[in-house]
Amino acid sequence: MIPILDQFEKIRVIPVVAIENAQDTTRLADALVEGGLPCAEITFRTPGALDAMRIMAKRGDILVGAGTVLKVDQVKAAADMGVEFMVSPGFNPKVVAYCVENNIIITPGICTPSDIEAALEFGLDALKFFPAEAFGGLKTLEALSGPYGMVRFIPTGGVGPGNLVNYLRFPKTLACGGTWIAKSTNISEGRFDLILNNAREAVALAKEAQAN
Ligand code: 3PG
């Protein structure tokens, strides 16, 4: 199997999703796969999250992770559902320690040098830069990459079609994450056509970033 971080590097865009109704999971996954973005970070922000993880992880044609992971119990529950990676908005040493000890991939959120050093202590060097735009965007990323050249970042938070190419062109960007591809309202209103289009657009922009 291809290592998860290598898969991120290949996919380049990680749709962050909040699924209110787990019944929408299959159509969402269909749209993402058809749109060329076979990946989803399903956030623990809705009661249906665990069911959605289980349904999506069972398919086998899409890389599924858990997002907004705030507690060790959530890591255990998500892992039981078959998800392959964890994402947290901040750096929680308990969550990170559990994942590292149990060989579970986690990309914790960081936005300061101290956060990065805490992550490096655990041997992690692929980190979510969150909230990217609110914390200075690419300029901050470039500054952080000076001392921490060994780190690859996943900018998330305020990333969208307007700035995706610039983020992806930055050599230390592993992938970008964001909710713009599959917005909660689009999911609950059954607008999988829009999600398909957003996925296709993101794939095209990722190609554009690669080309130059
Ligand atoms: C996240 O959880 O990663 C963020 O809420 C995503 O931020 P965005 O909505 O600006 O993409």
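Predicted model: local features only at pLDDT ≥ 70, side-chain atom pairs only at ≥ 80, totals over all residues.
Student: Which residues surround the ligand, and how many of them are nonpolar, polar and charged?

Tutor: The shell around the ligand is made up of R45, K128, F130, T156, G157, G158, G178 and T179.

Student: What is the distance from an oxygen atom of the ligand to an N or O atom in the side chain of T179?

Tutor: A polar contact requires a pair of N or O atoms within 3.5 Å. The side chain of K128 provides an N or O atom 2.7 Å from a ligand oxygen, and a backbone N or O atom of G158 also lies 2.7 Å from an oxygen of the ligand. For the side chain of T179, the distance from its N or O atom to a ligand oxygen is 2.5 Å.

Student: How much of the accessible area of the ligand does the protein cover?

Tutor: On its own, the ligand has 310 Å² of accessible area. Of this area, the protein covers 80%.

Student: Is A209 buried or exposed?

Tutor: A209 is found in helix 10, which comprises residues 192–211. Its relative accessible area is 6%, and a residue under 20% counts as buried. A209 is therefore classed as buried.

Student: Which residues does A209 touch, not counting residues up to four places away in sequence?

Tutor: One of them is R169, 40 residues apart from A209 along the chain, and the C-alpha atoms of the two are separated by 5.4 Å. With the sequence neighbours up to four places away left out, the residues that A209 touches are V165, L168 and R169.

Technical notes: Residues numbered from 1 in each chain as written. Heavy atoms only, no water. Near = heavy atom within 4 Å. Polar contact = N/O pair within 3.5 Å; in protein donor to acceptor, adjacent residues only side chain to side chain. Areas by Shrake-Rupley, 256 points an atom, 1.4 Å probe, with all protein chains shown as cover. Helix = DSSP H or I, 4+ residues; strand = E, 2+ residues; numbered from the N terminus. Buried < 20%, exposed > 50% of the residue type's maximum accessible area, 1.4 Å probe, protein only. Contact = heavy atoms within 4.5 Å.
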